[in-house]
Number of protein chains: 2
Amino acid sequence: MRSTVTFYLCYLLCLALGLACVVCVCVWNSRWRGGFAWDGSSLQFNWHPVLMVTGLLVLYGYGAVVYRVPLTWGQNKLPWKLLHAALMLGSLIMSILGLCAVFDVHNANNTPNLYSLHSWIGITAIILFALQWGVGFAGFLLPCSPVLLRKLLKPVHVWLGGSILLLTTAACISGINEKLFFVLRGNVTYSSIPAEGVLGNSLGALVIAFGLVVLKILSNIQWQRPDSRPGDIAYTVGV
Amino acid sequence: MRSTVTFYLCYLLCLALGLACVVCVCVWNSRWRGGFAWDGSSLQFNWHPVLMVTGLLVLYGYGAVVYRVPLTWGQNKLPWKLLHAALMLGSLIMSILGLCAVFDVHNANNTPNLYSLHSWIGITAIILFALQWGVGFAGFLLPCSPVLLRKLLKPVHVWLGGSILLLTTAACISGINEKLFFVLRGNVTYSSIPAEGVLGNSLGALVIAFGLVVLKILSNIQWQRPDSRPGDIAYTVGV
């Protein structure tokens, strides 16, 4: 009972931090970076942080913790599997759109793609995520997938899920840091800690806090769906 | 038995990745960034990435997994506690020296301190680490500390330890990314992917891989020291 109350407090914190990340990245790019367009200009670039933070980070995190909600435990697992897969598909589509936004802007301005550490980590996260979604769909949703395969896949799926979140967090932080150094120069420098710098740094702090809360929820064994806990007698039933 | 073999493979990978991070950051700063000094110049700055990667990341990671080595399980826990505390103290001292290196350079060049997202995350990691070390020393090493306090402290200590590692990883990645944008401009730009860019990006990839392996080792319940596993009958003995 005490564990359930703590879970819901943690879950509320997760939802609130995710929402705060989305609000913060939208306010930053609409109010301080001039808003949005899809024309190869810097206004198209603004979709990149918004789609990555909203899709690859927040929607992914929300999708990752679906099975942890105790309210869903007494019910058939299939609808929750479909919700998990749908949230993750939404996250993947937003991430790919976020990639298109930045590639378009780079190509329109003859800027090379995928040279920075930020981009290497970000593209690795998205490639692994696409593989994870495809293998997860085939392994856990197709009825023909054998139980033994599901049992073998599951720990890899869980571990890779957490690892992708760590990659995403590192990509978001390096991207926000890089963007603030790029745009805060000239009259108003980043080092003078202007309002936009504080907003961007606060977004980074929220991203880290969200990542930590999601990883905390995922790593607590007591919060795992009972038929998914290692050692549980029904371990193979719900995979 | 199979779990022990897998642990040692993972542990060897952890040691090798940590060593590769240290070699990579030393080669980068000695060969490509001109070497080291302590005179307020950019050569003093070069100590910053070396001390942070070696101390705050690698030595910290090595110290974090000490209790997971099965060879130590049959033995008295105290010497391993002392080794854990000593490695962490070494890591903390190197981190503080790494901070001094960059503050000195900033102050000598009238550059403000602690304005970037990288610096906010890095300083948060070090403050939390110092608190963690102090509370850990008082709670787990002082003989007068009551068993109940140790039992309450332990899950917080373990969770905060993993969280500090995530903060450190994000700080390292944003710092390496930022440094490469700063220094690779003019004739040889970062976007032309010069050898130094590949080296820096590879260092970032190694940092991520090291962080993931350490977190994997820490999160596997089967690899926890038996008297530390939740639910173990001797849970309170070894805290």
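User: Which residues does His106(A) touch, leaving out those up to four places away in sequence?
Analyst: In this predicted model, His106(A) touches Thr111(A), Pro112(A) and Asn113(A) once residues up to four places away in sequence are not counted, where contact means heavy atoms within 4.5 Å.

User: Is His106(A) buried or exposed, and which helix is it in?
Analyst: His106(A) is buried, with a relative accessible area of 18%, and it lies in helix 4 of chain A, residues 78-108. Buried means under 20% relative accessible area, exposed over 50% and partly exposed in between, with a 1.4 Å probe and protein chains only; helices are DSSP runs of H or I with at least four residues, numbered from the N terminus.

User: And Lys154(A), buried or exposed?
Analyst: Lys154(A) counts as buried, at 13% relative accessibility, and its place is in helix 6 of chain A, residues 147-183.

User: Switching to the interface, how many residues does each chain put in?
Analyst: Chain B and chain A give 33 residues each to the contact, and the area buried between them is about 3100 Å², of which carbon and sulfur atoms give 80%. Buried area here is the accessible area (1.4 Å probe) that the two parts lose on being put together, summed over both. Tyr115(B), Leu117(B) and Leu166(B) supply 22% of the area that chain B buries against chain A, more than any other three residues.

User: How many salt bridges and polar contacts are there?
Analyst: The count of salt bridges between chain B and chain A is zero, taking a salt bridge as a side-chain nitrogen of Lys or Arg within 4 Å of a carboxyl oxygen of Asp or Glu. Twelve residue pairs across the interface are in polar contact, both residues being at pLDDT 80 or more; this is a pair of N or O atoms within 3.5 Å, and within protein one must be able to donate a hydrogen and the other to accept it, while residues adjacent in sequence count only if both atoms are side-chain atoms.

User: Which helix of chain B gives the most?
Analyst: Helix 6 of chain B gives the most to the side that touches chain A, with 13 residues.

Methods: Residues are numbered from 1 along each chain as its sequence is written. Chains are lettered from A and ligands numbered from 1 in the order in which they are written. This is a predicted model: local features need pLDDT of at least 70, side-chain atom pairs count only at pLDDT 80 or more; totals for chains, interfaces and linings use all residues. Side-chain values use heavy atoms; hydrogens and water are left out. Helices (H or I, at least four residues) and strands (E, at least two) are DSSP runs, numbered from the N terminus.
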